[in-house]
Amino acid sequence: MPEITINDANQRRAEDHILDVREDFEVTEGIIPGALHIPMGELDGRLVELDKSRPVIVVCRSGNRSARVADALTAAGYNADTMGGGMSAWQRAGLPTG
């Protein structure tokens, strides 16, 4: 599964979908501005919210869930990457959160 760095994700976030698959309680700690929040367990029922013509960068807390989701999205015909280190790395680097 393609894994991108937090810096790559930050540079690509204006053009690509950022999909945050964390649970609601995790998102209260901060989310990447402009990210679409769909908890991992709700993804099957909400795939229509993602545009297949745009690449997707999948984000979770540490990178484990996002890798599984990115695999599933790729199998479903999306161009999906996972962000290595997840939101933990994003926040440690001081990148913007909403």
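Leaving aside its neighbours within four places in sequence, with which residues is R22 in contact? Select R22 in the viewer: contact, defined as heavy atoms within 4.5 Å, is made with V27, G30, I31, H37, P39, V59, C60, R61, R65 and M87. The model is predicted, so local features need pLDDT of at least 70 and side-chain atom pairs count only at pLDDT 80 or more, while totals for chains, interfaces and linings use all residues. Residues are numbered from 1 along each chain as its sequence is written, and side-chain values use heavy atoms, with hydrogens and water left out.

**Stop 1**

Keep R22 selected. R22 sits in the loop between β2 (17-20) and α2; helices (H or I, at least four residues) and strands (E, at least two) are DSSP runs, numbered from the N terminus. With a relative accessible area of 2%, R22 is buried. The term buried means under 20% relative accessible area, exposed means over 50%, and partly exposed lies in between (1.4 Å probe, protein chains only). Next, display G30: its backbone oxygen is 2.6 Å from a polar atom of the R22 side chain.

The side chains of D20 and R22 form a salt bridge, at 2.7 Å from N to O. A salt bridge is a side-chain nitrogen of Lys or Arg within 4 Å of a carboxyl oxygen of Asp or Glu. By this rule there are seven salt bridges.

**Stop 2: other charged pairs**

Select E26 and R61, whose side chains meet in a salt bridge at 3.2 Å, N to O. Because E26 belongs to helix α2 (residues 24-27) and R61 to the loop between β4 (56-59) and α4 (64-75), the pair ties together parts that are 35 residues apart in sequence. E26 is buried, at a relative accessible area of 2%, whereas R61 is partly exposed, at 44%.

Move to R12 and D16, joined by a salt bridge whose closest N and O atoms are 2.6 Å apart. R12 is partly exposed at 23% relative accessibility, and D16 is buried at 8%.

**Stop 3**

Switch to a cartoon view. Five strands form an open sheet in the order β1-β5-β4-β2-β3, with parallel pairing; two strands pair if DSSP finds at least two bridges between them. At the edges stand β1 (3-4) and β3 (36-37), each with a single partner strand, so one side of each has no neighbour in the sheet. Helix α4 packs on this sheet and touches β2, β4 and β5 (80-83), its direction making about 175 degrees with that of β5. Axes here are lines fitted to C-alpha atoms, for helices over the stretch in contact, and angles run from 0 to 180 degrees between N-to-C directions.

**Stop 4: the nonpolar cores**

A nonpolar core is a set of buried Ala, Val, Leu, Ile, Met, Phe, Trp, Tyr and Cys residues joined through side-chain atoms within 4.5 Å. The largest has 15 residues, and I32, I57, V59, M83 and W90 are those with the most contacts inside it. At least two residues of this core come from each of α1 (6-12), β4 and α5 (86-92). Helix α5 supplies the largest share, three residues.

Apart from this core lies another, of 13 residues, including V21, I38, V58 and V69.

Finally, centre on W90. Leaving aside neighbours within four places in sequence, W90 is in contact with I6, A9, N10, R13, I32, M83, L95, P96 and T97.

Note on methods. A polar contact is a pair of N or O atoms within 3.5 Å; within protein, one must be able to donate a hydrogen and the other to accept it, and residues adjacent in sequence count only if both atoms are side-chain atoms.
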